[in-house]
Amino acid sequence: MNRVKMRMVVWGGMCVAVLLACHPEKSRLEEALEVAGGNRSELEQVLEHYRGDSLKSLAAQFLIENMPCHYAYAGKELEKYRRYFERFPPCAWRGPTFVRDSLVEADGAFCPDSLHKVYDVQVIKSDYLIRNIDQAFEVWRGQPWGRNVAFADFLEFILPYRVGTETLADWRQEVYDRYNPMLDSIRASADSTDVLAVAQALMDSLSVGTVYFTGLFPSGITVGSDLVVWRSGNCRELTDLVTYVFRALGIPGGCDKMLMRGDKNVAHYWNFVVDGEDSTYFASIGQSSKQFAKADTYWDPKGKVYRETFSLNRTMRDACGRDTADVPPVFREPLMQDVTAAYAGRINRFLRIPADSLVLVPREGETVYLCLSTRGTWVPVGYGCFEGDTVRIDNVQGDVVFRLVVCRRGHLVSLGVPFLLEKYTGAVRFFRAGEERQEAVLLQKFKEDFQAHMVGGVFEASDHPNFRRPDTLFAIKERPSRLRNVVCLPDKGGGLPLRPLLRASYAPL
């Protein structure tokens, strides 16, 4: 980006500040100040501090307007939770199962229900916020690649002082001092203004050290900036690790995610970076994809993809409605943007399901949720609307089995049978039951090798419809081979009917 373009970015930001100051939606700031209660004076000190600096004033307003949605978990159990990630690296040679079991034995099982929320807007101090704003501006303006970072991207992906629900901490300077020297060589090269090249150089440096990956620990709470040192956890924690480093060094990136994977029973997270042309690239320090690649080359079946943001997505919130009882939790105060189109590319679909394909027809204008399956239930991952006898949901990638639901009185109500959205044709194929019974051979539900998780599983049988007094017929003691396994069930000597009820139980994933 040349100097003229840079001036346009700065001038554009100043114009936005003037427009916001004159726009009725300035009331968002007043709403946040009212929610602050006794902490209002701290926030007003920040606004007064930047009154003579249009861009920093706009940055402070951006943070404060969106602050009511942000909080940290607090309570004695929090340190018990953090110990999982702290103790894993020095004990990695003994494995994550040992770490988990040892901590449970020593501290007891982690109980997240005992934690409580502490909202930023009611406790954050003016000096903390001013320090974070000044440090963010310093790195944005001071790094060569900062001239290719638009002000809007700076606000959303560099300026924020937190990445999730972690305890507030002064992390910027420490992380900056730790990783800034890694970029000395590229800072002196011809690629110094190339955001993507700088991000890749940093990812290369971050990938040199050991990463302690496991999915066995508790999840759902952001660990915090200590992950930069500990380098442990699942894809969520390792994505946060890189996000802290990117923000500290002024690289516009963060976390993209699937609320539910299309090929597994879990959510998934990875890092993205936005280059000077506003194109998205992805990579992950915890997987093989450490080289940033264009978003539309990402191979996993996705359904929907979202980008975590500091700002509240008011358009998404208003589209789903503000009645919390009839809105799935993830869409009540959505801190995310829909970026499915960037990842789907040419196979991005606008899903249209006519009313005559549904068992239950929604009310006109009712919000309809797109769901993916997980462990016997369905999880909302997208939303749309029922208008003109058609369900309309935009930006969907296929190759995934979906179900449509509405949320009524806090419950998900199915609108019909599951369906497959064909990846390349966009055709919709419903899985309706036929009149005749059919045989099906299930070779593998998911694409990865889960045979190891079957060890410890059992086959059980019972002669009672409620499965009382089950008999264990077979226990899986060794990892089974794929496709070719013969199980010899014991002869119960007439104790069971010829065709007993049968179930299989596997070790948890």
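1. Phe-419 is buried, with a relative accessible area of 1%. The model discussed in this note is a predicted one. Phe-402 is buried too, its relative accessibility being 0%.

2. The rings of Phe-402 and Phe-419 form an aromatic pair, with 5.9 Å from centre to centre and 40 degrees between the planes, and the pair is classed as tilted. Phe-402 belongs to strand E15 (residues 400–408) and Phe-419 to strand E17 (residues 419–421), so this pair ties together parts that are 17 residues apart in sequence.

3. Across the whole structure, a search finds 31 aromatic pairs. One of them joins Trp-270 and Tyr-343: the ring centres are 5.6 Å apart and the planes stand at 75 degrees, so the pair is edge-to-face. The cut-off behind that label is an angle over 60 degrees.

4. Are Trp-270 and Tyr-343 buried or exposed? Trp-270 counts as buried because its relative accessibility is 1%, under the 20% cut-off. Tyr-343 is likewise buried, with a relative accessible area of 1%.

5. Which residues do ring pairs link into a cluster? The members are Tyr-81, Tyr-84, Phe-85, Phe-88, Phe-110, Tyr-212 and Phe-217.

6. Arginine side chains are also placed over aromatic faces. Arg-94 lies over the face of Phe-98, at 3.9 Å from the ring centre. Arg-307 lies over the face of Phe-272, and here the distance to the ring centre is 3.8 Å.

7. Gly-384 is a separate item. This glycine is found in strand E13, which covers residues 377–387. Gly-384 counts as buried because its relative accessibility is 11%, and the cut-off for that class is under 20%.

8. What is Gly-384 in contact with, once its neighbours within four places in sequence are left aside? The partners are Glu-366, Thr-367, Val-368, Arg-392 and Ile-393. A further distance concerns Met-316, which is 68 residues from Gly-384 along the chain; the C-alpha atoms of the two are separated by 10.0 Å.

Methods. Residues are numbered from 1 along each chain as its sequence is written. This is a predicted model: local features need pLDDT of at least 70, side-chain atom pairs count only at pLDDT 80 or more; totals for chains, interfaces and linings use all residues. Side-chain values use heavy atoms; hydrogens and water are left out. Helices (H or I, at least four residues) and strands (E, at least two) are DSSP runs, numbered from the N terminus. Buried means under 20% relative accessible area, exposed over 50%, partly exposed in between (1.4 Å probe, protein chains only). Contact means heavy atoms within 4.5 Å. Rings of Phe, Tyr and Trp (its six-membered ring) pair if their centres lie within 6.5 Å; planes under 30 degrees apart count as stacked, over 60 as edge-to-face and the rest as tilted. A charge sits over a ring if NZ of Lys or CZ of Arg is within 6 Å of the ring centre and within 35 degrees of the ring normal.
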